[in-house]
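Open the model in your viewer and keep the selection panel at hand. The tour starts with the whole chain and then moves to the ligand.

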Amino acid sequence: MFLEPHFKGQRSGWIEVVCGPMFSGKTEELIRRLKRAKIANQKVAIYKPAKDTRYDKNNVVSHDANFLVSTVVSSSKELLTIDRDINVVGIDEVQFFDDDLPDVVQELAMNGIRVVISGLDMDFKGKPFGCMPALLAVAEYVTKLHAICTHCGNLATHSYRMSEDQDTVVLGETDVYEARCRTCYAMGNILRLR
Ligand code: ADP
Ligand code: MG
């Protein structure tokens, strides 16, 4: 389990990434970290991309219906206008943001803010998703989570799309996606090609 670094003295910023496939608990973990920051009397702000319209427009919500009130942003540069007294910034579904996000979160961290971000590491094709590779490279702390493979019960690393849609972004839940281990993910794709 991730434990917050303990800093005495001067305030310091850093970046934490929580990544993994769908249903792996990324949003739950983001919410857990931000709730603990609030308990530590930190001023917290949570953001999500305008593209993510699942569940609720104004809340970051996990598949388990845990939630935190959030602000919707349509471009990463909007994050640079946050209040000066914010200590911790949380961002969910970072794979949906534009390519400026790695520079933006670095600027926030340089300004002494703790940035906790969560998102998919791979798209439904098993390829690195959006700006996630760059975020992983610049983060101080990386947590890779796993879901449970809905076919064999092993650890799931992939988000398997059950529909034939080939767009990179197709919003959906268990109706469209399954968490699968590497083998069951590959088997699904092979069977589909037959
Ligand atoms: P993520 O943000 O990674 O998509 P959430 O934090 O929203 O995930 O939800 C995680 C929750 O999803 C789990 O606590 C569990 O209740 C539920 N869940 C549904 N399907 C699965 C699965 N295949 N493996 C693990 N958890 C699952
Ligand atoms: Mg999530």
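With 194 residues, what radius of gyration would a compact globule have, and what does the chain have? The model is predicted. The rule puts a compact globule with 194 residues near 16 Å, and the chain has 17 Å, so the two agree.

Stay with the whole chain and show the C-alpha trace. Along its principal axes the trace spans about 60 × 30 × 30 Å.

The accessible surface of the chain is about 10,200 Å², and carbon and sulfur atoms account for 52% of that. Of the 194 residues, 49% are buried.

Now select ligand 1 and the residues around it. The shell has 15 residues, with K26, T27, E28, H63 and I148 the closest. By class, six are nonpolar, six polar and three charged.

Colour the shell by secondary structure. Both α1 (26-39) and β9 (147-148) supply at least two residues each. The largest share, three residues, comes from α1.

Zoom in on the polar atoms of ligand 1. Select T27: an N or O atom in its side chain is 2.9 Å from an oxygen atom of the ligand. At F23, a polar backbone atom is 2.9 Å from an oxygen atom of ligand 1. Move to I148, where a polar backbone atom lies 2.9 Å from a nitrogen atom of ligand 1. On its own, ligand 1 has 580 Å² of accessible area, and the protein covers 78% of it.

Definitions and conventions: Residues numbered from 1 in each chain as written. Chains lettered and ligands numbered in written order. Predicted model: local features only at pLDDT ≥ 70, side-chain atom pairs only at ≥ 80, totals over all residues. Heavy atoms only, no water. Near = heavy atom within 4 Å. Polar contact = N/O pair within 3.5 Å; in protein donor to acceptor, adjacent residues only side chain to side chain. Areas by Shrake-Rupley, 256 points an atom, 1.4 Å probe, with all protein chains shown as cover. Helix = DSSP H or I, 4+ residues; strand = E, 2+ residues; numbered from the N terminus. Nonpolar A, V, L, I, M, F, W, Y, C, P; charged D, E, K, R; others polar. Rg over C-alpha atoms; globule rule 2.2 N^0.38 Å. Buried < 20%, exposed > 50% of the residue type's maximum accessible area, 1.4 Å probe, protein only.
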